[in-house]
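Open the model in your viewer and keep the selection tool ready.

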Amino acid sequence: MLRIDEIRSVAVIGAGVMGSGIAQTFAQAGYAVRLQARHEGTLRAARDRIARSQDAMVRGDLLSEEAARDALARIHPTTILEEATRECHFVSESVPEDLELKRQVFAALDRQVPPGAVLSTDTSGLSISAIASATSRPERVVGFHWMNPPHLMPTVEVIRGAQTADAALDLTCELARRIGRVPIRVEKDVPGFLWNRLQLALIREALHVVEQGIASPEAVDLAVTAGLGLRWAAVGPLRLMDLGGLATFHSVAAYLYQDLSKASEPQHALATKVAAGETGARAGRGFYDYPAGSAEAAIAARDARLFELLKLLRLPVFRDRDSAPDPTGASPGG
């Protein structure tokens with residue numbers, strides 16, 4: 001199996017919000033990145049997006065101006081898949097969330113990348129095994145799911161497919177650590193993996209609470225941002241039960257589980273908004289109203305809050321190039 005020090009450059013396939021953020025993160029950690037998309041316009045938009053993200057990180061004291069410039073210079077855009085993957089030993093795919101499209105991309109990657117390369121997918125919940133089956137190397141296909149915004153969120157899921165080799169999983173976890181991310185190993189290929197199973201369980205109950213008139217959207221969000229989210233940043237749910245006492249949580253679960261949402265499809269509160277075109281900030285309305293120009297401001301405010309949390313919690317997002325391990329093996333600054 002490939003050794004971690006053999007990975008000098010990476011290919012990122014897909015240059016949307018996720019692909020551009022993934023490319024930015026690898027480049028800031030010192031890797032040469034080939035960013036591929038089918039259209040030049042997509043690549044120009046990706047470069048602009050990365051530059052804006054870096055400007056915000058510089059203002060937030062998470063990145064130096066010099067490190068930002070150097071990282072941007074390490075990203076080489078191309079519309080040609082063969083050019084992007086030539087001599088690359090790690091590939092990160094982030095094309096749209098369509099299983100057949102991803103299988104087509106992986107079949108093409110399988111024909112073009114070196115035999116020992118590891119192929120990873122940023123799918124949010126599609127089957128790693130189904131994607132891997134389009135290749136002749138399913139043992140080298142791994143889920144590598146990033147959280148949005150990818151240039152800021154420290155955790156990445158590393159998911160085992162049915163035939164993923166231990167060595168491929170270990171390598172991807174080590175690579176995640178080298179680029180300043182916290183790998184979360186998911187040992188079974190199930191829909192939604194770990195992050196989205198936890199997230200959607202909370203979202204399902206949040207929608208239920210709003211539909212039943214128990215609380216407003218504002219109250220639900222405040223309960224998470226000022227309460228649950230703050231506590232969960234310090235301790236996870238299972239450790240929380242240990243610290244609070246399992247008997248207490250058992251007692252609450254005994255009477256509360258039966259009253260929680262049992263929805264098995266998207267609830268009315270969500271479905272009606274989507275049907276009406278009220279699809280969120282960029283559409284001008286979701287559960288909140290967003291006047292013209294305010295969507296970008298809301299995203300910037302979210303990111304600014306993440307900057308402060310990252311600094312407060314001292315999570316391992318690199319502040320500058322000298323903090324990152326050099327993929328070429330050179331010592332920092334040399």
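Start with the lining of the second largest pocket: its residues divide into nine nonpolar, seven polar and one charged. Here Ala, Val, Leu, Ile, Met, Phe, Trp, Tyr, Cys and Pro count as nonpolar, Asp, Glu, Lys and Arg as charged, and the others, Gly among them, as polar. The model is predicted: local features need pLDDT of at least 70, side-chain atom pairs count only at pLDDT 80 or more, and totals for chains, interfaces and linings use all residues. Residues are numbered from 1 along each chain as its sequence is written, and side-chain values use heavy atoms, with hydrogens and water left out.

The space in this second largest pocket is about 340 Å³. Select G14, Q36, A37, R38 and V95: of the 17 lining residues, these are the closest to its centre. A pocket is an open set of points on a 1 Å grid over the protein atoms alone, where a 1.4 Å probe fits, with protein on both sides within 12 Å along at least five of seven lines; lining residues have an atom within 4 Å of a point. The volume is the space filled by probe spheres set on the points, which are joined across faces, edges and corners.

Next, select helix α5, residues 99–112. Helix α5 gives the most to this lining, with four residues. Helices (H or I, at least four residues) and strands (E, at least two) are DSSP runs, numbered from the N terminus.

Now turn to charge. How many salt bridges does the structure hold? There are 19 salt bridges, each a side-chain nitrogen of Lys or Arg within 4 Å of a carboxyl oxygen of Asp or Glu.

Select K102 and E93. Their closest N and O atoms are 2.4 Å apart in a salt bridge. K102 is buried, at 0% relative accessible area. E93 is buried too, also at 0%. Buried means under 20% relative accessible area, exposed over 50%, partly exposed in between (1.4 Å probe, protein chains only).

Move to R137 and D110. This salt bridge has its closest N and O atoms 2.8 Å apart. R137 lies in the loop between α6 (128–132) and β6 (141–146), D110 in helix α5, 27 residues apart. Both residues are buried.

Finish at D170 and R185, which meet in a salt bridge (2.7 Å, N to O). D170 is in helix α7 (residues 166–178), and R185 is in strand β8 (residues 182–186). D170 is partly exposed at 39% relative accessibility, and R185 is partly exposed at 35%.
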